[in-house]
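Here is a short briefing on a protein model. Look over the sequence and the fold before reading on.

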Amino acid sequence: MEQKRCLECNEKIIGRIDKKFCNDSCRNTYNNRINKDNKNLIRNTNNRLRKNYRILEGLNPEQKTKTSRAKLVEAGFDFNYFTSIYTTKAGTIYYFVYNQGYLPLEGDYYALVKRE
């Protein structure tokens, strides 16, 4: 019977018949390498969402306020990243980053709200 070999380092595997790696280090290295692209995409998206959240939270300490697009952009806000959209019965569309939301107003202004 042929000896099984580690998927990462190709060393002989001793132990259970369904074992794929010789140790935890090889298992972790293998999985990190295989999932690298997906993890980078997720990490970068989460970082952008976290930054947007901190900006909205910082500009909206009283749960409801108004700010300019210029202030948001200057702080590094990225309008492409939000977690949900809420449309009111009247058709008003709010964009949310978790519980911090913004509503585009006329003249490049935004209403900032916090959902409890």
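A residue is buried under 20% relative accessible area, exposed over 50%, and partly exposed in between. The model is predicted.

**Nonpolar cores**
- The largest nonpolar core has 10 residues, including Leu-49, Ile-55, Leu-56, Leu-72 and Phe-77.
- Phe-79, Val-97, Tyr-102, Tyr-110 and Leu-112 are also among the members of this core.
- Helix 2 (36-59) and strand 5 (109-114) are the elements that give two or more residues to this core.
- Helix 2 supplies the largest share, three residues.
- Another core, of five residues, lies apart from it; among its members are Phe-96, Leu-103, Ala-111 and Val-113.
- In soluble globular proteins, nonpolar side chains tend to be buried together.

**Contacts of Leu-72 and Thr-67**
- Setting aside residues up to four places away in sequence, Leu-72 touches Ile-55, Leu-56, Leu-59, Thr-67, Phe-77, Phe-79 and Tyr-110.
- Thr-67 sits in strand 1 (residues 64-68).
- Thr-67 counts as buried because its relative accessibility is 5%, and the cut-off is under 20%.
- Beyond its neighbours within four places in sequence, Thr-67 contacts Leu-59, Leu-72, Tyr-109, Tyr-110 and Leu-112.

**Surface patch**
- Phe-82, Ile-85 and Ile-93 make up a nonpolar patch on the surface.
- Together they have about 240 Å² of accessible area.
- Phe-82 belongs to the loop between helix 3 (69-74) and strand 2 (84-87).
- Phe-82 has a relative accessible area of 31%, so this residue is partly exposed.

How values were computed: Residues numbered from 1 in each chain as written. Predicted model: local features only at pLDDT ≥ 70, side-chain atom pairs only at ≥ 80, totals over all residues. Heavy atoms only, no water. Helix = DSSP H or I, 4+ residues; strand = E, 2+ residues; numbered from the N terminus. Buried < 20%, exposed > 50% of the residue type's maximum accessible area, 1.4 Å probe, protein only. Contact = heavy atoms within 4.5 Å. Patch = residues over 30% accessible without salt bridge, like charges linked within 9 Å, V, L, I, M, F, W, Y side chains within 5 Å. Areas by Shrake-Rupley, 256 points an atom, 1.4 Å probe, with all protein chains shown as cover. Salt bridge = Lys/Arg side-chain N within 4 Å of Asp/Glu carboxyl O. Core = buried A, V, L, I, M, F, W, Y, C linked by side-chain atoms within 4.5 Å.
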